[in-house]
Amino acid sequence: MSEGISQPDAPVVREGRAKGDLFAKFDDLIAMREGLLASGVEDPFNLVMEKVLSPTRAICNGRETILLGTYNYMGMTFDPDVIEAGKQALEEFGSGTTGSRVLNGTYQGHKECEDALKEFYGMDHAMVFSTGYQANLGIISTMAGKGDYVVLDIDSHASIYDGCAMGRAEIVPFRHNDIEALEKRLKRIPAEAGKLVVLEGVYSMLGDVAPLKEMVRVSKEAGAMVLVDEAHSMGFIGEHGRGVAEAQGVLNDVDFVIGTFSKSVGTVGGFCVSNHPDFEIMRLVCRPYVFTASLPPSVVATAATSIRKLMHGSNKRAHLWENSRTLHKGLKDLGFQLGTDEPQSAIIAVIMPDLTRGAQMWEALLKEGLYVNLARPPATPANMTLLRCSLCAEHSEDEVTTILGMFERAGKATGII
Amino acid sequence: MDRAEIDRRIRDLIEPFNKNGVTITDATTFQGDLEFDSLTVMDFVAAIEDEFDIIISMNQQAEIETYGQLVDAVKKLVDAG
């Protein structure tokens with residue numbers, strides 16, 4: 001029942017493969033990609049943006065394109081204060097640290113960035129990683145070791161599964177957002193075993209939100225520690241933009257909040273915030289934190305500035321919610337099938353009938369001047385093909401209307417509506 | 001619970017997932033013969049876990065390729081509980 005790479009009984013080795021070519025295991029995927037490209041569509045996984053004009057506009061393949069598939073939810077990438085902070089740090093501290101956080105790679109800017117995070121979340125400790133992927137990999141693999149149990153939603157992000165594999169804990173998945181399935185599994189785990197429940201605030205494929213209030217409660221009742229990945233909710237959801245746990249009133253019961261700088265914050269990097277009194281020891285025992293170079297000074301300076309501005313982003317948050325509601329209703333009225341009945345986040349997933357027609361629709365939208373994300377199995381739940389739209393607080397009301405017109409024309413041209 | 005009883009109960013549970021009506025022996029494989037995808041695996045495992053009040057972690061699932069291995073693994077978990 002292994003979920004590893006599919007290995008048929010007698011693997012079909014492509015003609016011309018040298019004996020011992022380890023790439024042979026990817027022959028199915030290579031054939032699928034070639035088939036898709038042979039049908040004439042532009043390669044959805046090889047788009048180059050030649051010029052970026054703003055958080056919502058770029059030149060792609062020579063065309064001016066509205067961006068509706070970035071995670072630039074709060075539009076911070078071109079904020080003048082953020083850019084200025086980055087330039088100043090680049091000039092004063094240089095282009096990179098060339099060292100680990102625990103050796104020569106912690107500059108003033110890294111501490112200031114961690115201070116901004118502690119203030120943003122109102123928590124005692126913050127630890128900045130080089131990417132969000134490494135934050136999950138590091139915290140999960142270090143907290144849950146051999147003999148411990150990680151109980152996670154089956155639709156969890158790859159970085160969560162990879163963290164489990166690296167830590168060699170027992171992995172116990174439960175059906176997506178199913179409170180009862182979580183509770184049952186927690187009760188069956190030996191009482192004396194260490195337990196970490198890993199949840200996400202917003203699940204990025206369908207843009208749906210987790211019932212954290214109930215899930216955190218049942219986890220705590222079972223004596224488990226709780227980690228919540230708020231990558232897709234930071235800056236936007238909750239009164240102060242702290243995420244779904246804040247919006248549902250359970251942030252204080254969460255042991256670890258994981259987040260990223262590559263979405264609302266608008267740069268790159270990852271973090272964990274926690275109130276646990278022993279949290280600082282993580283800096284010495286967490287391998288994905290120790291054995292990699294720290295973020296460049298300009299990156300932590302832009303992140304810290306952006307995080308501080310997000311604390312006061314309530315108007316932007318309100319506008320982003322308006323955009324999400326308008327787009328969701330508009331697409332629903334046009335007859336598209338959506339991932340959620342109501343808009344729950346800044347992600348709206350449009351369900352395509354299959355990969356071929358999804359790729360055709362994706363290309364038709366691109367020719368209209370709109371970029372969305374094409375998501376396909378195995379990254380998607382239930383083997384769905386999705387066109388994922390992620391909105392930005394900088395999309396204007398007019399732009400959202402324009403986007404709906406593009407969807408209508410492309411949807412009719414490809415026969416999806 | 002003896003192996004025959006566990007075998008009988010799992011055979012009942014597998015029926016709705018055996019879409020092609022494959023004849024099940026101890027050597028039947030889940031991926032090759034039954035063509036289970038990851039979602040089917042999750043639902044099938046959940047059904048077994050509920051029936052026997054056990055947990056089969058993904059680490060344990062990775063070791064199970066055939067029907068016979070599944071029955072043996074469940075017996076071991078039931079005996080340990």
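Visitor: Where does Thr98(A) lie?
Guide: Thr98(A) is in the loop between α2 (80-93) and α3 (108-121) of chain A. Keep in mind that this is a predicted model.

Visitor: Buried or exposed?
Guide: Thr98(A) is exposed, because 12 other C-beta atoms lie within 10 Å and the cut-off for exposed is 12 or fewer.

Visitor: And what about Arg168(A), which loop is that one in?
Guide: Arg168(A) sits in the loop between α5 and β6 of chain A. Its phi is also positive, at about 60°, and Arg168(A) is not a glycine. The residue comes just after α5(A).

Visitor: How many other C-beta atoms are within 10 Å of Arg168(A)?
Guide: There are 14, and Arg168(A) counts as partly exposed.

Visitor: Let's go back one step, to α5(A). Which of its residues are buried?
Guide: Helix α5 of chain A covers residues 158-167, and the buried ones are Ser159(A), Ile160(A), Tyr161(A), Gly163(A), Cys164(A) and Gly167(A).

Visitor: What do they pack against?
Guide: The buried residues of α5(A) pack against one helix, α4 (132-143), and against the strands β5 (149-153), β6, β7 (195-200) and β10 (225-229), all in chain A.

Visitor: OK, β5(A) then. How many of its residues are buried?
Guide: Five of the five, so β5(A) is largely enclosed by the rest of the structure.

Visitor: Which residues are on which side?
Guide: Tyr149(A), Val151(A) and Asp153(A) are on one side of β5(A), with Val150(A) and Leu152(A) on the other. Both faces are covered. As background, side chains in a regular strand alternate between the two faces of the sheet.

Visitor: How many bridges join β5(A) to β6(A)?
Guide: Five, and the two strands run parallel. Within that pairing, Asp153(A) stands opposite Phe174(A) of β6(A).

Visitor: Change of topic. What is the order of strands in the open sheet with β14?
Guide: The order is β1-β2-β3-β14 in chain A, four strands with mixed pairing. The edge strands, each pairing on one side only, are β1 (49-54) and β14 (370-371).

Visitor: Which sense do β3 and β14 of chain A pair in, parallel or antiparallel?
Guide: Parallel, over two bridges, with β3 of chain A spanning residues 63-67. Leu67(A) in this pairing faces Tyr371(A) of β14(A).

Visitor: Now the whole of chain A. How many helices and strands?
Guide: Chain A has 14 helices and 16 strands. Its radius of gyration is 22 Å, close to the 22 Å that the globule rule gives for 417 residues, so chain A is as compact as a globular protein of that length. The C-alpha atoms fill a box of roughly 60 × 55 × 45 Å along the principal axes.

Visitor: What share of it is buried?
Guide: Of the 417 residues in chain A, 49% count as buried. Of the contacts in chain A with a separation of 6 or more, 71% are between residues 24 or more positions apart.

Visitor: What domains does the assignment give?
Guide: For chain A, domain 1 is 39-74 + 314-413 and domain 2 is 79-310. Their C-alpha centres lie 27 Å apart. Domain 1 puts 18 residues into the contact between them, and domain 2 puts in 20 residues.

Visitor: Which element gives the most on the domain 1 side?
Guide: β13(A), with three residues. By class, that side of domain 1 has 11 nonpolar, six polar and one charged residues.

Visitor: What does UniProt say about chain B?
Guide: An unreviewed UniProt entry carries the annotation "domain: Carrier" over residues 1-78 of chain B. Over those residues the chain is 58% helix and 0% strand, and the end C-alpha atoms are 8 Å apart.

Notes: Residues numbered from 1 in each chain as written. Chains lettered and ligands numbered in written order. Predicted model: local features only at pLDDT ≥ 70, side-chain atom pairs only at ≥ 80, totals over all residues. Pairing = 2+ DSSP bridges. Domains from an automatic or database assignment. Contact = placed C-beta atoms within 7 Å. Nonpolar A, V, L, I, M, F, W, Y, C, P; charged D, E, K, R; others polar. Rg over C-alpha atoms; globule rule 2.2 N^0.38 Å. Buried ≥ 20, exposed ≤ 12 C-beta atoms within 10 Å, placed from the backbone. UniProt positions renumbered as here; feature names shortened; annotations may be inferred.
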